[in-house]
Amino acid sequence: MKVSIRARVAAASSSSSISKQRCSTQRRALLSTLTPLILAALLLLVPTPTLATSDEFEPYDPPSGFFPSESFTETLLLKPLPDGRVLSSFDFTLTSTSSSTSNFRLLPRALLQPIQHFGVSEVHLSLNSGRWRYGDWGSPVTTLRQRGGYEEADGQQDMVVFGDNTAANGKNGKARLGEESVAAGAELLARFEGNNTTGDRWKGLTSALAGLFCTSLDALDERQTVQPHHAYPSPRTTFNTTYQTLHALLPTEGVCTENLTPFVKLLPCKNSAGLSTLLNPLSLFSANFQGLAVHVKRLPPPHSSHSIQRQEETGGGWEVKLTFTAVFAPAVTRDVSVRDWSMSSLFGRSLDSACPLADESLIRVLKPNDPEGSAKYEVDPLPKYPACSKPGQTWGCRHPGNGKFFPVLEEQDEVTDELAHSGLLAWESEQEEQEYEARLQKRWAHYLDSVDGEYLYDVRATLAGQGMTKDKRKETCRDTNLPIQKGQGKLDIKMSWPHETRFSYPAHNVTRQAIHVDRTLIGSGQERTTLRVELGNADQKVAQRVLWYETLGYFVKPYLHTLKHSIEFLPPASSNLTEEDELLRGVADFDNPIESLFYQPNTAKRGSRKPFVLEGVVRLPARSKVVLTMELRKTFVPYSQHPPDAHRGFDLSPAIIFPLAPVDPREVLLANRQRAATSRTASVSAPKVSRGLLPCFMHLLEQLVRIEAGESQLRQSEMSKSQSRIYTLPRLVELATPDFSFVYTNIIFTSTVLALFFGSTLNTLLRTFTDFVI
């Protein structure tokens, strides 16, 4: 019985185990079947971000930290100058919303990583060779309308007719093309964040930039580095962020091919496509003036729902602007003085490819500023006119063409325009249609010359050589089918003067530069010299205010008590003046032109070689010339501090003139009244003498400092946005040079005397004499 019971129990247990295995197997199969169904149901229940752009839904905007947006635009400006030269200015702009230097697609990390490492929010570096002639060439910066192409005045928007993206630009948008920093040599400006010492960070930044661009920027030590107070004001921010600005000039540093090679490597397309292929060093460095510049700036954080503290911690994006400027002389470098030029003659090559990473690639050619009666010029090829602007054009356009870009030159044009607007224009043969198109091209060229004054070429659309599809043309109402050179897929813009046999150079300056500057050193000898700065205002009615920024090296000592001024009023430019044009001068025109003066003396610890900084606001009356003179003492430089080429002299950094924005006289009068009230309050609230002389003196000193602070805030005007700063030429200062050969002569003479002395002494003491019998 026990055996049977045990057998039954074993059989029952084995059967139960088998049933459990079967149940587990069935459960696994059921889970494997239901799992995909459950996951699919969960995915259907999870809400997805909508991308609708209608008025009912807001577009989904992912955080910029995860998906940073970057853009890259390139522009080439070709501007004929009055003296027959041609200005070419390349402008490459890269922007990113990412604040991290490791999350970039287009921006150069090799440039941004050291800048962020040393806590720099803004860097401006320029390298130039040559002299920028303000009197002949005018300002290096050209202000133009911000646009991507020719505009259609339909409705309340300006339709961009170039590129793949249609945008509505503001009518008052301005674009500043060109480089403002044209000082001879190298110029570096850095803005550091925080109040910490900037000595080590400045040294690290200059070393990093010197290694990146193959320059001698590591030579910018305390001898050239200054901290300006008014010349480069700090930006206004909403956060409690303080900045320290350092500025340095190195006149002996030039620009060469070894600087251009790393400059081109910072671009997204390098020199393989786009406008950067025109940067041919053989042609660029044979120009009269050439220079490159790098501008890096941290953008403010975007406005969002996050807290201000969070925005201050994360920071904004970055903006990198790379420019290259060259001035060619086609009329001077040839046997026959003809100023015809083309892109292939200037750069040694034509444009045959577009950068695929560029959002916008434009070439902007300006008309020459020739006087009346000069020979007519021609541009080949002309940019294609917008198709929807053609008279009577209705197919594929939102609005029929009004003929805005086609002025009437002949009676026949007026008749054909009326027929085109009424829809009755027809052709009996292809020859008549070709003649009509030729007249349209002539009218389009007349509009560009007399009305617009600018020739715009979209590189991508020009090199494509094919227009848009029919549906796309209907949507955007524009035509991007631009002409290409016959037989080639290249763009080679040419400007010629067919009826000009020889170019006649202007007898005087024809530029409209209101302010001109000239700085020289007067005197002879190795002890003292005189610094002479001449500031002129060519405006016939309006007075100008400028900021005079001077950096004097440690090798000269200025005497501020010898600073003198003289004002010379110039005759009117035209003799045919009416009573309304007569200039009435006020008391301010005869007063001291130096409104305020701020200086940083170079008196520091013994052995320090800090420069002397002078910043002053000077008022230039209308149609006048102001001359400032100041005596300088040439110091005796120790023997060990002379450069290897000591007989060449020491370089005096160029002075910089900052045009200031005009000030409302009513605001000046109100500020004077407030300052007078403050001085009266200070005199009334003066402490009694019974409190002691020391408290009385301290209180009076405090009031004077407060008044001086109010005056400095009053007279520190904003920089002018319409005028660019002006650089003077660097000067050479000849100092007393020691006789470097005297050291070697003394060494040789001493060595000779010692050799003779020791030789004779040793012979006398150690030499033995013996007799020899022969």
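The model is predicted, so local features are taken only where pLDDT is at least 70 and side-chain atom pairs only at pLDDT 80 or more, while totals for chains, interfaces and linings use all residues. Residues are numbered from 1 along each chain as its sequence is written, and side-chain values use heavy atoms, with hydrogens and water left out.

Strands here are DSSP runs of E with at least two residues, and helices are runs of H or I with at least four, both numbered from the N terminus; two strands pair if DSSP finds at least two bridges between them. Strand β3 (residues 120-129) runs antiparallel to β9 and is joined to β9 by eight bridges, with Val120 facing Phe192 of β9 as its bridge partner. Strand β11 (residues 243-250) also pairs with β9 in the antiparallel sense over eight bridges, and there Glu193 has Tyr243 of β11 as its partner.

A pocket, on a 1 Å grid over the protein atoms alone, is an open set of points with protein on both sides within 12 Å along at least five of seven lines, whereas a cavity is a set where a 1.4 Å probe fits but cannot get out; lining residues have an atom within 4 Å of a point. Of the 48 lining residues, Glu122, His124, Arg176, Glu180 and Lys297 are the closest to the centre. The lining holds 14 nonpolar, 17 polar and 17 charged residues, where Ala, Val, Leu, Ile, Met, Phe, Trp, Tyr, Cys and Pro count as nonpolar, Asp, Glu, Lys and Arg as charged, and the others, Gly among them, as polar.

A second sheet is open and consists of three antiparallel strands in the order β14-β18-β16. Because β14 (341-342) and β16 (378-380) each have a single partner strand, they stand at the edges with one side left without a neighbour in the sheet. Between β14 and β18 (residues 494-496) there are two bridges, and Ser342 stands opposite Lys494.

The whole structure has 21 salt bridges, each a side-chain nitrogen of Lys or Arg within 4 Å of a carboxyl oxygen of Asp or Glu. In one of them, Arg147 meets Asp452 at 2.8 Å, N to O. Arg147 lies in the loop between β4 (142-145) and β5 (151-154) and Asp452 in helix α10 (residues 430-452), so the pair ties together parts 305 residues apart in sequence. Both Arg147 and Asp452 are buried, and they belong to a salt-bridge network that also links Arg145, Arg364 and Glu454. Glu500 and Arg339, likewise both buried, form a salt bridge at 3.1 Å, N to O.

Finally, the unreviewed UniProt entry places a "transmembrane region" at residues 742-766; UniProt positions follow the numbering used here, feature names are shortened, and annotations may be inferred rather than shown by experiment. In the model this span is 100% helix and 0% strand, with its end C-alpha atoms 35 Å apart.

Key:
Buried means under 20% relative accessible area, exposed over 50%, partly exposed in between (1.4 Å probe, protein chains only).
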